Amino acid sequence: MKIIFLGTGEASDKYRRNTSVLLENDTGHHLLDCGFSSAHAYLPYDGKRKLKTIWISHFHGDHFFGIPQLIVHYYMNRREDPITICSGTDPQEKIIKAIDLAYPGLPEKLPFKVEFKTIAPGESISFNDLEWQSAPVSHAESACGLRVKSGDFSLYYSGDGKPTLEAVKLIKKCNLIIHEAYSMSPTKLSHSSIEECLLWAEELHMQNLALVHMNGQTREVLTANKNDLTSPKGTHLILPEDGDTMEF
Ligand SMILES: [Zn+2]
């Protein structure tokens, strides 16, 4: 499995695209979140494999407003293969509304099928060659973390929010954790911080931890210190930039 960090930024990052992760295996592409700038980040990869799945962690614009752009791209290019859009709650109404607002009438004209799937917390379902599980996380908007499994590799993608006990159960089973770390220290905001993530890495014996979705101030502090964070014992700590890849 190849992991491509299409974007590593928060909603209004000045220098980075919105956080979005592309999973590439032999049979296709699967996109984890698709915000304002994610469609443009994905397009250079389009066609190398078929985009089969888009997972939406929650319905904030920096996590799903790129979907209308991708859909109109596939409309213009006369796509025929179906695409699955999935989330922890039924995504259909919000996605159709967003596409229709961006391009009125487009949802009725598509030459390919958009299949909507709910991956409810607690369920484990298989489709598009992968195994999918979700768990609620604590965020301002209803949001879910996701575990994706392929063979003996699995990853956890937090989206936005602090892990709940259910999410911790998913995290414990994964080889790679991609987690948002909005601030340096814990705040009352419904986001995680770098300090918390480093503690969880040690407590939960994370093998690989990639931190994304930091705010501008946190990025500045890290840059000033030459990204000098101490890796928790036993954890490979990664601070990915847009375009970075990993292979498992
Ligand atoms: Zn959010």
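How many bridges join strand 7 (residues 124–127) to strand 8 (residues 130–138)? Four bridges join these two strands, and they run antiparallel. The model examined here is predicted.

## The hairpin of strands 7 and 8

Between strand 7 and strand 8 lie two residues, and the two strands form a hairpin. Within the turn, Asn-128 has a positive phi of about 50°. Across the pairing, Ser-126 stands opposite Glu-131 in strand 8.

## Strands 2, 3 and 4

Strand 3 (residues 28–32) pairs with strand 2 as well as with strand 4. With strand 2 (residues 20–25) the pairing is antiparallel and consists of five bridges.

With strand 4 the direction is parallel, and four bridges are found. In this pairing His-30 stands opposite Thr-53 in strand 4. Of the five residues of strand 3, four are buried, so the strand is largely enclosed by the rest of the structure.

## Helix 3

Helix 3 spans residues 67–76, and its buried residues include Ile-67, Pro-68, Leu-70 and Ile-71. These residues sit on the same side of helix 3 because the arc they cover around the axis is only 165°. In an α-helix there are 3.6 residues a turn, so residues three or four places apart point the same way.

Just after helix 3, Arg-78 takes a positive phi of about 50°.

## Helix 4

In helix 4, Ile-95, Ala-98 and Ile-99 are the buried residues. They cover an arc of only 95° around the axis, which means that they lie on the same side of helix 4. The face turned away from this buried side carries Glu-93, Lys-97 and Leu-101, which are exposed.

Against which elements do the buried residues of helix 4 pack? They pack against helix 2, helix 3, helix 5 and strand 5 (83–87).

Note on methods
Residues are numbered from 1 along each chain as its sequence is written. This is a predicted model: local features need pLDDT of at least 70, side-chain atom pairs count only at pLDDT 80 or more; totals for chains, interfaces and linings use all residues. A residue is buried if 20 or more other C-beta atoms lie within 10 Å of its own, exposed if 12 or fewer, and partly exposed in between; C-beta atoms are placed from the backbone. The arc is that of the directions from the helix axis to the C-beta atoms. Two residues are in contact if their C-beta atoms, placed from the backbone, lie within 7 Å. Two strands pair if DSSP finds at least two bridges between them.
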